[in-house]
Amino acid sequence: MTFPTDRPATWFVTGTSRGLGLELVKQLLERGDNVAATTRSTERLLAALDTDTTRLLPLAVDLRDEAAVAQAVRQTTDRFGGLDVVVNNAGYGFLAAVEETSDRDVRDMLDVQVAGVWNVLRATLPVLREQRGGHVVNVSSVLGLTSVPGWALYCAGKYALEGLSEALAGEVAGFGVGVTIVEPGYFRTGFLTTDSLALPENTTPAYPEIREMVENHLKLQGNQLGDPVRGARITIEKVVSGDTSLRLVLGSDSHAYATAKVHALQATLDAAASTASASDFPA
Ligand SMILES: NC(=O)c1ccc[n+]([C@@H]2O[C@H](COP(=O)([O-])OP(=O)(O)OC[C@H]3O[C@@H](n4cnc5c(N)ncnc54)[C@H](OP(=O)(O)O)[C@@H]3O)[C@@H](O)[C@H]2O)c1
């Protein structure tokens, strides 16, 4: 994709009243770009912005509602005359053992992190495809590459996002549309605060390590390694430079966890090299 240089680019960003999404909106407005920013609370978004908002279209959108998302995308193209970059950023953490996770918890998470992203993609891809150019940025996590106890539901959502993004990248490359999966480690945003982090309604005493994890994660707030200002800047620079490499690993913690996962997976594959064919039909 060639990023427009002769006019302001138009970005559609989800989950923008806090954290990385808010920082993206600030920096994009400071660049002079147009930003359609979806949020559950436009009041919270506007109160958090101290930048010139002339080029901002704040949109109160429930990402789980396909018609509302489609309408938000139409409002964006009507207001700015087009669309260049889509950032699926909205997401939240959930910390519990698998058996403590209710049906409602599962559906809520996948509604936001998978069905919501799909709603945005269904509404925006035709625009990018028909103009034969654009960029989709899907904010995943290192927990979209590797999984740890307590984070099963969050990982399930982010692994799904990784899978759909990899397939999407192959589908739309021929239309000049790039796809980037962003994989942050721990970032100093609202993610680990009680405003964002969801917990199960019922727990069992069988998992004291997970209760301890919850406490430790809440205490980590303010000490995470990742800087959302730098993370947003690097993400924007990647898109603006036209770099269409699939992944953007953010944070040395993310890099270390992902590397350990790749090594473990490689060891599994090496060990299976001579045995995997045992289930093949004989030639
Ligand atoms: N911070 C980290 O450690 C970390 C690590 C890896 C990946 N990530 C990912 O980075 C992205 C941004 O998170 P953040 O770190 O900036 O956290 P944050 O400060 O909590 O912000 C999350 C944003 O997502 C939106 N959101 C949260 N729950 C939602 C829900 N139920 N429905 C719709 N939107 C919801 C919120 O938008 P509104 O309130 O404006 O609607 C909010 O602005 C997320 O996808 C997260 O999974 C974060």
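1. Strand 2 is covered on both faces in this predicted model. Six of the six residues of the strand, which spans residues 34–39, are buried, so strand 2 is largely enclosed by the rest of the structure.

2. Valine 13 has alanine 37 of strand 2 as its bridge partner. The chain passes from strand 1 through helix 1 to strand 2, and this β-α-β crossover is right-handed.

3. Strand 2 also pairs with strand 3 (residues 56–60), through five bridges and again in a parallel arrangement. Here alanine 36 stands opposite leucine 57 of strand 3. Helix 2 (residues 42–48) belongs, together with strand 2 and strand 3, to a right-handed β-α-β unit.

4. Around the ligand there are 26 residues, of which Gly15, Ser17, Gly19, Gly91 and Gly190 come nearest. The shell holds ten nonpolar, 14 polar and two charged residues. Which helix gives the most to this shell? Helix 1 (residues 19–31) does, with three residues. Helix 1 is also the helix crossed on the way from strand 1 to strand 2.

5. Helix 6 (residues 208–220) has 13 residues. From its first C-alpha to its last, helix 6 reaches 18 Å, close to the 18 Å expected at 1.5 Å a residue. Just after helix 6, glycine 222 takes a positive phi of about 95°.

Terms used. Residues are numbered from 1 along each chain as its sequence is written. This is a predicted model: local features need pLDDT of at least 70, side-chain atom pairs count only at pLDDT 80 or more; totals for chains, interfaces and linings use all residues. A residue is near a molecule or strand if its C-beta atom, placed from the backbone, lies within 6 Å of it. Helices (H or I, at least four residues) and strands (E, at least two) are DSSP runs, numbered from the N terminus. Ala, Val, Leu, Ile, Met, Phe, Trp, Tyr, Cys and Pro count as nonpolar, Asp, Glu, Lys and Arg as charged, and the others, Gly among them, as polar. The expected span of a helix is 1.5 Å times one less than its number of residues. A residue is buried if 20 or more other C-beta atoms lie within 10 Å of its own, exposed if 12 or fewer, and partly exposed in between; C-beta atoms are placed from the backbone. Two strands pair if DSSP finds at least two bridges between them. A crossover is right-handed if, with the strands pointing away from the viewer, the path from the first strand over the helix to the second runs clockwise.
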